Amino acid sequence: MKRFFRFLFAMAASFLPGIIGVMFTPHGQSDPWYNMLNKSVLTPDGWVFAAVWPILYALLGIALFLVINNDRTRYSKTKAYLLFLSQMTLNALWTYMFFGLHLIGGAFLVSVLLLFIAIWMARAFYPISKHASYLVWPYIIWLVFALYLNGMILFMN
């Protein structure tokens, strides 16, 4: 039962930025500001974001669960937890800065920091749980793509 509650906690913690972000993310034609921006030709349709982010949040939740649940590790988990919290906070901050405040440049800087923190987090997870570290890499790859998309919007507008 303890493992089940750890899993629920990890999943809730990983989905929190997405839940917060929904308040600021445009839906269809509901955000004229975003729709008027010049975007990269590689910008996917909105449904792609809606499909990818829950998968990435679930992978991060499973990764956090693996770290929390590894009671046999001799490594301190404090750094891993702080990095997880930092990147989740930055994830929510990016959405607010980009869609809420329309600060494209500020959001770009947040995304650069987010990418570095996510890589650092994957490295911090590795000695605790290799599988947890591997589960972070799809998120990192998506962050590289998101950084490109944000950079192109910054450059083109």
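Helices (H or I, at least four residues) and strands (E, at least two) are DSSP runs, numbered from the N terminus. This is a predicted model, in which local features need pLDDT of at least 70 and side-chain atom pairs count only at pLDDT 80 or more, while totals for chains, interfaces and linings use all residues. Residues are numbered from 1 along each chain as its sequence is written, and side-chain values use heavy atoms, with hydrogens and water left out.

Q: Which helix gives the most to the nonpolar patch?
A: With four residues, the most is given by helix α1 (residues 2–21).

Q: Is isoleucine 62 buried, partly exposed or exposed?
A: Isoleucine 62 is found in helix α3 (residues 46–69). Buried means under 20% relative accessible area, exposed over 50%, and partly exposed in between (1.4 Å probe, protein chains only). At a relative accessible area of 32%, isoleucine 62 is partly exposed.

Q: Which residues meet in a salt bridge?
A: A salt bridge needs a side-chain nitrogen of Lys or Arg within 4 Å of a carboxyl oxygen of Asp or Glu, and the structure holds one. At 3.5 Å, N to O, the side chains that meet are those of arginine 6 and aspartate 71.

Q: How many residues apart in sequence are the parts that this pair ties together?
A: Arginine 6 counts as buried at 16% relative accessibility, whereas aspartate 71 counts as exposed at 57%. Arginine 6 lies in helix α1 and aspartate 71 in the loop between α3 and α4, so the pair ties together parts whose separation in sequence is 65 residues.

Q: Are α3 and α4 roughly parallel or roughly antiparallel?
A: Axes are lines fitted to C-alpha atoms, for helices over the stretch in contact, and angles run from 0 to 180 degrees between N-to-C directions. α3 and helix α4 (residues 78–100) pack at about 165°, with their axes 11 Å apart. Angles under 35 degrees count as roughly parallel, over 145 as roughly antiparallel, 65 to 115 as roughly perpendicular and the rest as oblique. α3 and α4 are therefore roughly antiparallel.
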